[in-house]
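This report covers a predicted model.

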Amino acid sequence: YRLPSLDELDGLVGRIVAFALPVLVLGLLVGMVWSHHAWGRIWSWEPKQTLGALTAVVYGVYLWLRHVRGLRGPKPVYVSMAGFAFVLLTLFGAELFSGRHGYLGGPR
């Protein structure tokens, strides 16, 4: 089996992030509306909210490096890897610290 070239993988990651970042931001905005209705405020500094926003910032930096600055190579790859680490931290790590967003059977 032939693995894709690094340029093909780089383009694929760029397209995936370009699609997923607006979806993530839309999810954050919808969550803010829901939070306003449920708790009377749009932001409560919960770990899931904060880490989700930081994930969006990291992927925003990635897209900025690739499309505005035109960078290719290791620097944008490291930023995309950091973004993925934030995704994992948001999904699983915030479970340890969150009181309201317990999805894995932890405290609610």
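Gln49 is a residue of helix α2. Its relative accessible area is 10%, and a residue counts as buried under 20%, so Gln49 is buried. Beyond its neighbours within four places in sequence, Gln49 is in contact with Leu28, Ser35, Trp39, Ile42, Trp43 and Ser44.

Asp10, in helix α1, has a relative accessibility of 15% and therefore also counts as buried. With residues up to four places away in sequence set aside, Asp10 touches Tyr62, Arg66 and Arg72. Asp10 and Gly73 are 63 residues apart in sequence, yet their C-alpha atoms are 8.3 Å apart in space.

Trp45 is located in the loop between α1 and α2. Its relative accessibility is 66%, and the cut-off for exposed is over 50%, so Trp45 counts as exposed. Trp45 is not a glycine, but its phi is positive, at about 55°. Most residues other than glycine have a negative phi.

| Residue | Relative accessibility | Class |
|---|---|---|
| Gln49 | 10% | buried |
| Asp10 | 15% | buried |
| Trp45 | 66% | exposed |

The next topic is the packing of α2 on α3. The axes of α2 and helix α3 (residues 74–93) come within 9 Å and cross at roughly 165°. Angles over 145 degrees count as roughly antiparallel, and α2 and α3 are therefore roughly antiparallel to each other. Their crossing is left-handed. The contact of α2 with α3 comprises, by class, 15 nonpolar, five polar and three charged residues. On the α2 side the contacting residues include Leu51, Leu54, Val58, Tyr62 and Leu65, and on the α3 side they include Val79, Phe84, Phe86, Val87 and Leu89. Lys48 and Arg66 in α2 are also among the residues in this contact, as is Lys75 in α3.

Which residues make up the largest nonpolar core? This core has nine residues: Val17, Leu21, Ala56, Val58, Tyr59, Tyr62, Leu63, Leu65 and Val79. Helices α1 (6–39) and α2 (47–68) each supply at least two of its residues. The largest share, six residues, comes from α2. In soluble globular proteins, nonpolar side chains tend to be buried together. Val17, a member of the core, is in contact with Pro22, Tyr59, Tyr62 and Leu63, leaving aside its neighbours within four places in sequence. Val58, Tyr59, Tyr62 and Leu65 belong to the core and are also among the α2 residues that meet α3. Val79 of the core is one of the α3 residues that meet α2.

Conventions
Residues numbered from 1 in each chain as written. Predicted model: local features only at pLDDT ≥ 70, side-chain atom pairs only at ≥ 80, totals over all residues. Heavy atoms only, no water. Core = buried A, V, L, I, M, F, W, Y, C linked by side-chain atoms within 4.5 Å. Buried < 20%, exposed > 50% of the residue type's maximum accessible area, 1.4 Å probe, protein only. Helix = DSSP H or I, 4+ residues; strand = E, 2+ residues; numbered from the N terminus. Contact = heavy atoms within 4.5 Å. Axes fitted to C-alpha atoms, helices over the stretch in contact; angles between N-to-C directions. Parallel < 35°, antiparallel > 145°, perpendicular 65-115°, else oblique. Left-handed = near helix turned anticlockwise from the far one by under 90°. Nonpolar A, V, L, I, M, F, W, Y, C, P; charged D, E, K, R; others polar.
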